[in-house]
Amino acid sequence: MAKTLYDKIWESHLVDEQNDGTSLLYIDRHLVHEVTSPQAFEGLRLSNRKVKLPGSTLAVVDHNVPTTDRSKGIADKESAIQVETLSKNCKDFGIEFFGLTDKRQGIVHVIGPEQGFTQPGMTIVCGDSHTSTHGAFGALAFGIGTSEVEHVLATQTLIQSRAKNFKISVDGKLPLGVTAKDVILSIIGNIGTAGGTGYVIEYCGEVFRNFSMEERMTVCNMSIEAGARAGLVAPDQKTFDYIKGRPLAPKGENWEKAVKYWSTLSTDKDAKFDRELYLQGKDIEPTVTWGTSPQDTASINGKVPDPNLEKNEDRKKSILRSLDYMGLEPNTAIQDIKIDKVFIGSCTNGRIEDLREVAKIVKGKKVNKSVDAIVVPGSGLVKLQAEKEGLDKIFKESGFDWREPGCSMCLGMNPDQLKPKERCASTSNRNFEGRQGRGGRTHLVSPVMAAAAAIEGKFVDIRKII
Amino acid sequence: MEKFTKLKSIAADLQISNIDTDMIIPKQFLKTIKRTGLGSALFYEMRYDEKGNVIKKFILNNSPYDKAKILISGKNFGCGSSREHAPWALLDFGIRCIIAESFADIFYNNCFKNGILPIILPENQVKELSEVAKNNKEIEIDLVDQKIHKGDNRPFDFKIDSFRKECLLNGYDDIALTLKKDSKINSFEQKKRNLTPWLY
């Protein structure tokens with residue numbers, strides 16, 4: 001029977017399947033960070049259990065870490081304890097750990113691919129919902145809770161039930177200035193934040209084929225914002241080229257074997273999907289969110305919606321609540337929204353290509369006087385690369401703050417937070433109430449749109465600038 | 001994990017769609033290295049103002065709903081992050097059952113690991129239960145028979161995977177169950193070592 005890519009990966013990891021469909025899935029790789037792991041390690045200790053395969057796990061600190069000078073450690077006591085706890089747990093259980101001062105430290109979903117830890121055909125989990133990022137390599141990657149982190153550490157498996165298959169195809173070409181971020185925001189705007197619930201999405205079509213690995217990661221990263229368990233892009237030559245030579249990539253004879261296997265990982269021609277969505281690249285515009293859910297999207301030429309025109313009562317209530325929180329009037333043109341802060345970074349858009357695109361826009365220009373703007377590289381290696389290319393100088397000359405790597409203002413567990421009512425153009429993935437700081441107002445955009453907003457002090461159509 | 005068989009309680013009605021995990025438990029409470037003690041921080045920004053004062057109109061701040069063990073909510077409950085702090089906070093507050101039209105995948109999974117029963121019902125049934133909740137009437141959840149009693153003779157049926165049901169009824173520890181299959185896992189791993197040697 002013809003199979004989808006998801007079917008193939010699922011079936012090749014099935015250890016056991018009960019009559020009711022409850023399955024035991026083998027997990028190849030496990031990423032661990034400081035926030036969702038302490039209780040899992042504590043659980044292992046309490047029940048006298050070991051980590052089954054320490055070599056398949058990689059740990060890093062990212063959520064809590066300061067992005068300013070780190071020479072004196074972490075000022076916040078609780079954050080410091082969490083970071084130290086991970087360090088101790090890794091030592092006790094024999095897990096490789098990238099600490100605060102390691103140049104390889106960074107956001108867990110940036111360092112996995114960067115190290116060659118992420119490879120096609122794998123099952124990859126992490127106690128973090130944006131684990132879907134790794135699906136860009138044709139790996140089945142999804143976020144799990146802390147109890148499941150403990151389960152994977154102890155057994156190298158997870159109890160799962162099979163998801164349904166959802167094909168999203170974007171064909172043709174994207175207009176200049178329209179990015180991977182606009183594609184995924186448009187998809188979420190189209191299907192809603194629960195549109196993917198129960199599914200694994202496979203992204204197909206010319207637009208995704210033409211995307212670089214980093215652009216594919218941006219798309220897969222936000223699959224969870226569409227409610228999907230995971231997102232996938234079938235691996236191709238670009239995938240293999242990206243992985244080759246990275247520290248944890250297969251070497252020598254194993255490389256040849258691996259590529260041969262990876263080349264079999266695509267959806268069969270006649271495979272059936274449970275749901276399909278077809279979009280045209282030419283129809284996608286630079287996109288800005290206006291509300292408190294990633295599905296609240298508008299074109300840069302659009303307007304904030306009018307709740308009075310909404311017929312669905314439930315939806316009307318949501319819009320009213322969002323507009324109240326966001327401090328926006330109905331029918332306001334998106335291009336009339338002024339901003340106070342710009343955040344460039346996160347596991348969605350904190351990689352080297354993102355920073356290069358931002359640098360192109362801001363080079364020789366100044367950040368608007370009314371705006372505070374920061375660039376937070378996704379990892380220490382991204383930071384080093386950017387500095388090698390002189391991007392840091394461009395940012396600093398423009399008036400951006402150039403920071404140390406971490407999750408930073410995407411969720412504000414460290415001191416990088418919005419103040420109440422501050423409005424931010426953010427390249428991150430969630431615009432929930434309070435996400436970037438209590439009362440903070442987040443507009444999700446692409447890196448180039450954020451860069452242009454930093455210069456203009458409001459949202460502008462990037463297509464008119466480049 | 002505490003067993004779940006029957007639960008009788010008044011229910012708190014929180015009819016908001018897309019309640020995300022940042023709402024359920026904001027980031028500043030994720031710095032703990034424990035599972036317990038998060039109940040006071042549940043729905044923090046809806047329960048307390050910027051100065052930390054109790055917001056009276058929020059449902060969980062009002063008697064008798066401050067003792068509710070059942071929460072009724074809008075669709076896509078628990079969307080967003082994978083933080084298990086969300087079910088930990090609900091459990092610590094005393095919530096053992098959440099009824100909604102739909103749940104986000106990771107949150108739904110996390111509930112079962114903590115002895116919380118998430119129940120999916122169609123819109124009209126959720127609305128009816130929300131009325132029962134508003135009238136301060138008790139709702140009884142019977143997991144064994146998969147029924148929700150609401151004080152009339154028309155109980156609602158609900159669905160649940162048989163494996164998850166068994167785990168809740170018995171308070172099973174997932175890991176102990178899986179470790180019983182250790183030899184199966186090991187032989188699977190051995191096969192994988194031969195097929196995909198670059199992974200090891």
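1. A word on terms before the tour: two residues are in contact if their C-beta atoms, placed from the backbone, lie within 7 Å. Helices (H or I, at least four residues) and strands (E, at least two) are DSSP runs, numbered from the N terminus. Please keep in mind that this is a predicted model, where local features need pLDDT of at least 70 and side-chain atom pairs count only at pLDDT 80 or more, while totals for chains, interfaces and linings use all residues. Residues are numbered from 1 along each chain as its sequence is written, and chains are lettered from A and ligands numbered from 1 in the order in which they are written.

2. Let us begin with a helix pair in chain A. Gln39(A), Ala40(A), Gly43(A) and Leu44(A) of H2(A) meet Thr146(A), Val149(A), Glu150(A), Leu153(A) and Ala154(A) of H5(A). This contact divides into five nonpolar, three polar and one charged residue (Ala, Val, Leu, Ile, Met, Phe, Trp, Tyr, Cys and Pro count as nonpolar, Asp, Glu, Lys and Arg as charged, and the others, Gly among them, as polar). Helix H2 spans residues 38-46 and helix H5 residues 146-155 of chain A; their axes are 8 Å apart, at an angle of about 50°. Axes here are lines fitted to C-alpha atoms, for helices over the stretch in contact, and angles run from 0 to 180 degrees between N-to-C directions. H2(A) and H5(A) are therefore oblique to each other, given that angles under 35 degrees count as roughly parallel, over 145 as roughly antiparallel, 65 to 115 as roughly perpendicular and the rest as oblique.

3. A second pair is worth a look beside it. The axes of helix H13 (residues 352-362) and helix H16 (residues 447-456) of chain A come within 8 Å and cross at roughly 30°, which makes H13(A) roughly parallel to H16(A). On the H13(A) side the contact has Asp354(A), Glu357(A), Val358(A), Ile361(A) and Val362(A), and they meet residues of H16(A) including Ala451(A) and Ile455(A). By class, the residues of this contact are nine nonpolar, no polar and two charged.

4. Now for the sheets. Five strands of chain A form an open sheet with parallel pairing, in the order S17-S16-S15-S18-S19 (two strands pair if DSSP finds at least two bridges between them). Its edge strands, S17 (401-402) and S19 (441-444) of chain A, each pair on one side only. Four bridges link S18(A), residues 423-426, to S19(A) in the parallel sense, and Ala425(A) has His443(A) as its bridge partner in S19(A).

5. Another open sheet in chain A has four strands in the order S11-S10-S9-S12, again with parallel pairing. Here the edges are S11 (230-232) and S12 (275-280) of chain A. Neighbouring strands are turned by 20° against each other on average, direction ignored. Three bridges join S10(A), residues 199-204, to S11(A), with Glu202(A) opposite Leu232(A).

6. Phe93(A) sits in helix H3 (residues 77-93) of chain A. Leaving aside residues up to four places away in sequence, Phe93(A) touches Phe41(A), Val51(A) and Pro54(A).

7. Finally, the two chains: the contact takes 58 residues from chain A and 45 from chain B. Among the helices of chain B that each supply at least two residues to the side touching chain A are H6 (162-170) and H8 (182-195). That side has 15 nonpolar, 12 polar and 18 charged residues.
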